[in-house]
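Trainee: Could you take one part of this model and look at it closely with me? I'd be glad if you then linked that part to some of the packing elsewhere in the chain.

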Amino acid sequence: MEEIKDLLVSDTIVAPATPLGVGAIGIVRMSGREAAEIASRLFVSRCGRAVEDFVSHRLYLGDVFDPQTQEIVDEALLVVMRAPHSYTREDVVEFQLHGGPVVIQKVLQLILREGARLAEPGEFTRRAFLNGRIDLSQAEAVAGIVKARSEKALSLSLRNLKGEWGRKIRSWEDRLLSILALIHAHCDFLDEEELPLEAMEKELASLIGEIEKELSSGERLKLAQEGALVAIVGKPNVGKSSLFNAIVGWDRAIVTPFPGTTRDALEENILVDGLLLRLVDTAGMREGRDPVELVGVQKAEEYLEQADFVVVVLDQSIPLEKEDEVLAEKVRNKPHFVVLNKSDLLPQLNKSDVSLLYPGEEILEVSALQGEGIEKLLRKIGERIKAEIGPEDQPILITARQREGLKKALLSLVQARDSLREGMSLDVLGLDLEEALREMGRILGTQADKELLNTIFSQFCLGK
């Protein structure tokens, strides 16, 4: 296993920190021991102060120029953030330019010509980790923040960036180290007091329970991280597409008075109370009248099966039919909401009729055409998702990599507990505890190797 210090590098890297497109501002970032020196050859401040003499973390107005031609490239702001008080704990320089792709590319080329090299994806955050500013779980939280698709995912990633997940892992490590210390001491001094086996088993059981709880809550948080898939289903012409359009706020789906208009599923992402909803409008569920409609119905069935939540739409202007009964059976064991649409029309169907199919359930009345009841429906969906995620102060967002590592650590702890109960050799018990510690170290990065770091940081964007 390579030591962290062997992975450190000292050259100067550069990358655009903002997307290459037209915008109000474009940022080019450098990090490394020559960052300020390179910037001094490309920037002259209006106040006359040399870049090497800039006050750290203070913006200076000036011009970026080509030292070979003396041509001014852009009027810009420059900030120097000196080590160790920077993102990477190295000297960091940022050129804050006008946000045009030509300007950014030109400044980038000048910096590369002056001796920096183009950063790899995630290399700035990688250096922050290697230089000890953050642990590996915090580095992964940075990627979570950048990729967050909802306010909930953002807030959970921010908690991890502040070290909440790392502190919990370290507390587990400390408790395991205490048990190992007892075992080592007993092996070194066999004539001393007997091991507190009962207390050790109790501590292992407590750790196992906490990790199992964390893994369980981590599964629930997929709703916050990936968004909840909400499928709108019902028989043809009940107003599914109209409801879909009313929720997304524009005419995304074609709406006609003819049954079977929707042949394919349409998906849109919306935010509800900070939560991501992947809303899907499906084809009307009935016996297919032609091959194309049959494919649409099959897709609707697939979405129904995959959905985290289902919105069952009924048309209250017509009585219940056989298709409604079939659909009620299909959604019985899935989280769902029952919606009576077309509340603006003369009712032929009331809540008591629907309650025969959905006994004891709340039935929501809406008019997709007039927008009535939509807010209440979305509020109900948001409440259900929040209930699935759990209390705000408990869950921690865990990446797939961290989840696998935690599962391996859990397996080792279960084996250690069983070894203790069966009176097996302390050496066997110690090996299992050390394996659990190794997996926790991989989560935090204290047991990192080059291959692991390459896998993690290759998923980052350039400039981060």
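**A glutamate and the packing elsewhere**

Mentor: Let's start with Glu214, which sits in helix 7, residues 197-220 (helices are DSSP runs of H or I, at least four residues, and strands are runs of E, at least two, numbered from the N terminus). Remember that this is a predicted model, in which local features need pLDDT of at least 70 and side-chain atom pairs count only at pLDDT 80 or more, while totals for chains, interfaces and linings use all residues. Residues are numbered from 1 along each chain as its sequence is written, and side-chain values use heavy atoms, without hydrogens or water.

Is Glu214 buried or exposed? Its relative accessibility is 5%, so Glu214 counts as buried (under 20% is buried, over 50% exposed, partly exposed in between, with a 1.4 Å probe and protein chains only). Setting aside neighbours within four places in sequence, Glu214 contacts Trp165, Lys168, Trp172, Ile396, Ile398 and Leu406 (contact means heavy atoms within 4.5 Å).

Now for two helix pairs. The axes of helix 9 (residues 240-248) and helix 13 (residues 374-389) come within 10 Å and cross at roughly 80° (axes are fitted to C-alpha atoms, for helices over the stretch in contact, with angles from 0 to 180 degrees between N-to-C directions). That angle is why helix 9 is roughly perpendicular to helix 13 (65 to 115 degrees; under 35 is roughly parallel, over 145 roughly antiparallel, the rest oblique). On the helix 9 side, Leu243, Ala246 and Ile247 meet Ile374, Leu377 and Leu378 of helix 13.

Helix 4 (residues 136-147) and helix 16 (residues 450-457) have axes that come within 11 Å and cross at roughly 20°. Helix 4 is therefore roughly parallel to helix 16. Here Leu136, Ala139 and Glu140 from helix 4 meet Leu452, Leu453, Ile456 and Phe457 from helix 16.

Strand 3 runs antiparallel to strand 4 (residues 59-65), joined by 3 bridges, and Val44 stands opposite Asp63 of strand 4.

Terms used:
Two strands pair if DSSP finds at least two bridges between them.
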